[in-house]
Amino acid sequence: MIYGYARVSSTTQSLDTQVAQLTAYGCEKIFQEKLSGRSLKHRTQFSALLDRLTMGDTVVVTKLDRFAHSTQDALNTMATLTERGVSLVVLNMGGDVVDTSTAIGKLLITVLAGIAEFEADLIKERQLEGIAAAKARGVYKGRPRTYTAHHKGLAHALELLAARDRNHLTVNDICAMTQVSRATLYRLARQIGHPE
């Protein structure tokens with residue numbers, strides 16, 4: 001059986017283009033997810049797909065980064081598929097379709113996954129070098145703080161938290177009213193010695 005797997009990194013992104021490409025290829029069932037690929041344990045649809053595979057099946061993805069987060073992740077998952085007699089097809093690998101049921105396909109996937117991870121590491125290195133240079137020039141301030149002492153919602157949340165014995169509000173109520181997260185409210189309440 002030919003299975004498709006479509007994934008985007010957030011709930012605001014659309015899977016339509018991937019699903020259309022997988023359908024056009026001939027996928028009989030398509031598993032879909034809207035979440036980051038960083039952790040395999042949270043990718044429930046991908047795990048469900050892996051559980052369903054049997055010898056002779058094919059998994060199709062539009063791009064390698066939809067299938068794996070890193071080279072090691074790709075290699076580990078491909079090894080699992082190979083052991084089970086399942087092939088992987090990547091529809092857009094530098095403009096070509098790559099199929100791991102062939103020796104050249106396996107080689108290409110491994111090499112290109114390594115190159116993709118290398119490029120990502122280079123980008124991170126350049127970013128860190130740029131940040132260090134900006135700090136040295138005194139122009140890098142880092143990520144702006146979301147909550148400051150002048151944030152009205154936070155000040156109101158802290159007041160409501162301190163008066164819970166009179167207002168009978170729950171922490172969830174306070175957070176919903178003021179748009180301040182529980183974690184932030186608790187952290188700042190501890191910092192200033194507010195009763196929780």
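User: Exposed means over 50% relative accessible area, and buried means under 20%. On that basis, is His168 buried or exposed?

Analyst: This is a predicted model. In it, His168 has a relative accessible area of 65% and therefore counts as exposed.

User: Where is His168 found?

Analyst: His168 sits in the loop that runs between helix H7 (164-167) and H8.

User: What is the phi of His168?

Analyst: The phi of His168 is positive, at about 55°, although the residue is not a glycine.

User: And Gln179, what value does phi take there?

Analyst: Gln179 is likewise a residue other than glycine with a positive phi, in this case near 60°. Its place is the loop between H8 and helix H9 (182-192). With a relative accessible area of 62%, Gln179 is exposed.

User: Turning to the helices, how do the axes of H6 and H8 cross?

Analyst: Helix H6 covers residues 152-162 and helix H8 covers residues 171-178; their axes come within 9 Å and cross at roughly 160°. Angles over 145 degrees count as roughly antiparallel, so H6 and H8 are roughly antiparallel to each other.

User: Is the crossing right-handed or left-handed?

Analyst: The crossing in which H6 passes H8 is right-handed.

User: Which residues make the contact?

Analyst: H6 contributes Gly153, His156, Ala157, Leu160 and Leu161, while H8 contributes Val171, Ile174, Met177 and Thr178.

User: How many residues of that contact are nonpolar, polar or charged?

Analyst: Six residues in the contact of H6 with H8 are nonpolar and three are polar, with no charged residues.

User: A change of topic: which residue does UniProt list for "active site"?

Analyst: The UniProt record, an unreviewed entry, lists Ser9 under "active site". The annotation may be inferred rather than shown by experiment. In the model, Ser9 lies in the loop linking strand E1 (2-8) and helix H1 (16-25).

User: Why does Ser9 count as partly exposed?

Analyst: The relative accessibility of Ser9 is 40%.

User: Where is Ser70 found?

Analyst: Ser70 is in the loop between helix H3 (64-67) and helix H4 (71-83). At a relative accessible area of 23%, Ser70 is partly exposed.

User: What distance separates the C-alpha atoms of Ser70 and Gly94?

Analyst: Those C-alpha atoms are separated by 17 Å, and Ser70 and Gly94 are 24 residues apart along the chain.

Methods. Residues numbered from 1 in each chain as written. Predicted model: local features only at pLDDT ≥ 70, side-chain atom pairs only at ≥ 80, totals over all residues. Heavy atoms only, no water. Axes fitted to C-alpha atoms, helices over the stretch in contact; angles between N-to-C directions. Helix = DSSP H or I, 4+ residues; strand = E, 2+ residues; numbered from the N terminus. Parallel < 35°, antiparallel > 145°, perpendicular 65-115°, else oblique. Left-handed = near helix turned anticlockwise from the far one by under 90°. Contact = heavy atoms within 4.5 Å. Nonpolar A, V, L, I, M, F, W, Y, C, P; charged D, E, K, R; others polar. Buried < 20%, exposed > 50% of the residue type's maximum accessible area, 1.4 Å probe, protein only.
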